Amino acid sequence: MGAKGRKGRKKVAQAFRPAGHAALKRCATFGLMVSTCVLARAQQNPNAAANFVSVNAPVVALTHARVIDGTGAAAREDQTIVIRDGTIVEVGDASRVAAPAGATVVDLTGKSVIPGLVMVHEHLYYPTGPGVYGQLGASFARLYLAGGVTTMRTGGNTNGIMDITMTRRIAAGEMPGPDIDATAPYLNGPSTFLQMHAVTTAEEAKNHVAYWAGQGATSVKAYMQVSREALKAGIEEAHRRGMKVTGHLCSVTYGEAADLGIDNLEHGFLAATDFVADKQPDVCPGQARGQQALASLDESGAPFVALVRKLVEKRVALTSTLTVFETFTPGRPMPPGLDVLTPQLQDNFRRARERVANNVESIYPKLFPKAMALERAFAKAGGVLLAGTDPTGSGGVVPGYSNQRQLELLVEEGFTPVEAIAIGTRNGARFLGRDARIGTIVSGKQADLVVVAGNPATTIADVRRVVTVFKKGVGFDPAKLVESVKGQVGLW
Ligand SMILES: [Zn+2]
């Protein structure tokens, strides 16, 4: 790697030479010769994915690794994984699987390999001012990848075309980041949000979905003020185009949304208004009212059990985003990764955290454990649980770091570490319909792999100790990715 890295840097000085253009053109036309393409892109563009690569060879053998395969099965010790042209071609006991001649061999003694994370409530924006969301896609994509996320759905978009443009640029290697299922701008009714459309009629909802699908969006997120009529039309149009719809709801209950055919609901049960006694149709009673009702809800009582049964029967997945709610809960640990933020955003969050700590009337000491219990009951009843992080709230949810934290919180919720990893990998891949290619470590799938020091099957916190993130067989260096944005997240 050392030699290749030096060569790469030397060539940057010769950028924009015609030879580079020719090489790039071949990449686009044939998609062949991965290393040549990667190098050509590094010459052209200092932000190219290639500048953050630590392992790049046609054949790579990861030897003596502990493999946690993402199926929920127990970890397997002393495994060899052979990667050829971006695909896992063999995985098995080191005694049986030999590194092919000419392979780049990486000895992973003492380390573990898990599938690349597939998380579904991610954003390319962040709260930077009162009611204002800064568009931080370029730095966030690096942080997500550094944290081990190789595929993500953006669960809501306040920037219009950027999620879609970034999806294309990342796929082309023009910038580093996870593969993206790009969500259209929110499908919402009239609200106070400056950066959201206001869609009221069925016709408007249909047109909104159709327009953004035409631009390249591949999923839809409904929001708190959407009406049943608009949501129904949005779901129909999305489904007609093979897109899935999720929702952070309030005006529409979980039960109503399930009946309308929604595919996924966000924030566990914390956005459910089903249990608000005087809930008026199509009116959001306020998230706080919904949460008050949830805080004292009995997870074995008939109303909750009936809702769970409906969601399970209709195969509506639920996304756990404990990370964002943890930042609202007094007495919880300081969230990881704050030092990548600009000093001003770090201050903003510290002040918000003090307010949380001093709020003696906070409902969260009761609500946060209840949210875990409700999610756990849903999964136990056969519900499909997905994982996401939601980098919003008051700004303490930092991409990449928060994805690792979400896995830790699923373990705190009661899942075993290998179950939590399966929720954050296989379940996401299945939901996105990409499980034939990603989500578990098996021969024939894309080599999206996270190498971590230690053993997350016994100590889930070891998922924070990322050594290398392989995406399509190319190994990225998390330290380089993080270093490139440190102290600047909030600006770009
Ligand atoms: Zn969100």
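Q: Where is the place of Asp-69 in this predicted model?
A: Asp-69 is in the loop between strand S2 (59–67) and strand S3 (76–84).

Q: Why is Asp-69 called buried?
A: The relative accessible area of Asp-69 is 8%. Buried means under 20%, so Asp-69 is buried.

Q: What makes the pair Asp-69 and Thr-71 a polar contact?
A: The side chains of Asp-69 and Thr-71 come to 2.7 Å. The cut-off for such a pair of N or O atoms is within 3.5 Å, and the pair is counted as a polar contact.

Q: Which residues is Asp-69 in contact with, leaving aside its neighbours within four places in sequence?
A: With those neighbours left aside, Asp-69 is in contact with Arg-76, Pro-115, Gly-439, Thr-440 and Ile-441. Contact here means heavy atoms within 4.5 Å.

Q: How do you know which atoms coordinate the zinc ion?
A: A donor must be an N, O or S atom within 2.8 Å of the metal. His-121 (NE2), His-123 (NE2) and Asp-390 (OD) coordinate the zinc ion at 2.0 to 2.4 Å. Water is not among the atoms, so sites may look incomplete.

Q: What spacing do the donors of the zinc ion follow along the chain?
A: The spacing is H-x1-H-x266-D. His-121 belongs to strand S7 (residues 117–122), while Asp-390 is in the loop between strand S16 (385–387) and helix H14 (401–413), so this pair ties together parts that are 269 residues apart in sequence.

Q: Are His-121 and Asp-390 buried or exposed?
A: Both are buried. For Asp-390 the relative accessibility is 6%; the limit for buried is under 20%, so Asp-390 counts as buried.

Q: What is the phi of Asp-390?
A: Asp-390 has a positive phi of about 60°, although Asp-390 is not a glycine.

Q: Why is Thr-389 called buried?
A: Thr-389 is in the loop between S16 and H14. The relative accessible area of Thr-389 is 0%, and buried means under 20%, so Thr-389 is buried.

Q: What joins the side chains of Thr-389 and Glu-122?
A: A polar contact of 2.5 Å joins them, where the cut-off is within 3.5 Å. Leaving aside neighbours within four places in sequence, Thr-389 also has contacts that include Met-119, His-121, Tyr-144, Thr-321 and Gln-406.

Q: What makes helix H4 (residues 137–146) mostly covered?
A: Nine of its 10 residues are buried. Among them are Gly-137, Phe-140, Arg-142 and Tyr-144. H4 is followed by Gly-148, whose phi is positive, near 105°.

Q: Why is Ile-164 called buried?
A: Ile-164 is found in helix H5 (residues 162–171). The relative accessible area of Ile-164 is 1%; buried means under 20%, so Ile-164 is buried. Ile-164 is in contact with Ala-182, Trp-212, Gln-215, Gly-216 and Ala-217, leaving aside neighbours within four places in sequence. Ile-164 and Ala-184, 20 residues apart in sequence, are 8.3 Å apart in space, C-alpha to C-alpha.

Q: Which residues of the lining lie nearest the centre of the largest pocket?
A: The largest pocket is lined by 35 residues, and Tyr-133, Phe-328, Thr-392, Gly-393 and Ser-394 lie nearest its centre. Strand S8 (125–129), helix H9 (287–295), helix H11 (322–326) and helix H12 (343–358) are the elements that give two or more residues to this lining. The volume of the largest pocket is about 750 Å³. By class, its lining has 17 nonpolar, 14 polar and four charged residues.

Q: What makes a space a cavity, and how many of 30 Å³ or more does the structure hold?
A: In a cavity a 1.4 Å probe fits but cannot get out, whereas a pocket is open. The structure holds one cavity of 30 Å³ or more. The largest cavity has a volume of about 40 Å³. Its lining includes Thr-323, Glu-326, Pro-335, Val-397 and Arg-405, and H11 and H14 each supply at least two residues of that lining. By class, the lining of the largest cavity has four nonpolar, four polar and two charged residues.

Definitions and conventions: Residues are numbered from 1 along each chain as its sequence is written. This is a predicted model: local features need pLDDT of at least 70, side-chain atom pairs count only at pLDDT 80 or more; totals for chains, interfaces and linings use all residues. Side-chain values use heavy atoms; hydrogens and water are left out. Donors are N, O and S atoms within 2.8 Å of the metal (3.2 Å for Na, K and Ca); water is not among the atoms, so sites may look incomplete. Helices (H or I, at least four residues) and strands (E, at least two) are DSSP runs, numbered from the N terminus. Buried means under 20% relative accessible area, exposed over 50%, partly exposed in between (1.4 Å probe, protein chains only). A polar contact is a pair of N or O atoms within 3.5 Å; within protein, one must be able to donate a hydrogen and the other to accept it, and residues adjacent in sequence count only if both atoms are side-chain atoms. On a 1 Å grid over the protein atoms alone, a cavity is a set of points where a 1.4 Å probe fits but cannot get out, and a pocket is an open set with protein on both sides within 12 Å along at least five of seven lines; lining residues have an atom within 4 Å of a point. Grid points are joined across faces, edges and corners, and a volume is the space filled by probe spheres set on the points. Ala, Val, Leu, Ile, Met, Phe, Trp, Tyr, Cys and Pro count as nonpolar, Asp, Glu, Lys and Arg as charged, and the others, Gly among them, as polar.
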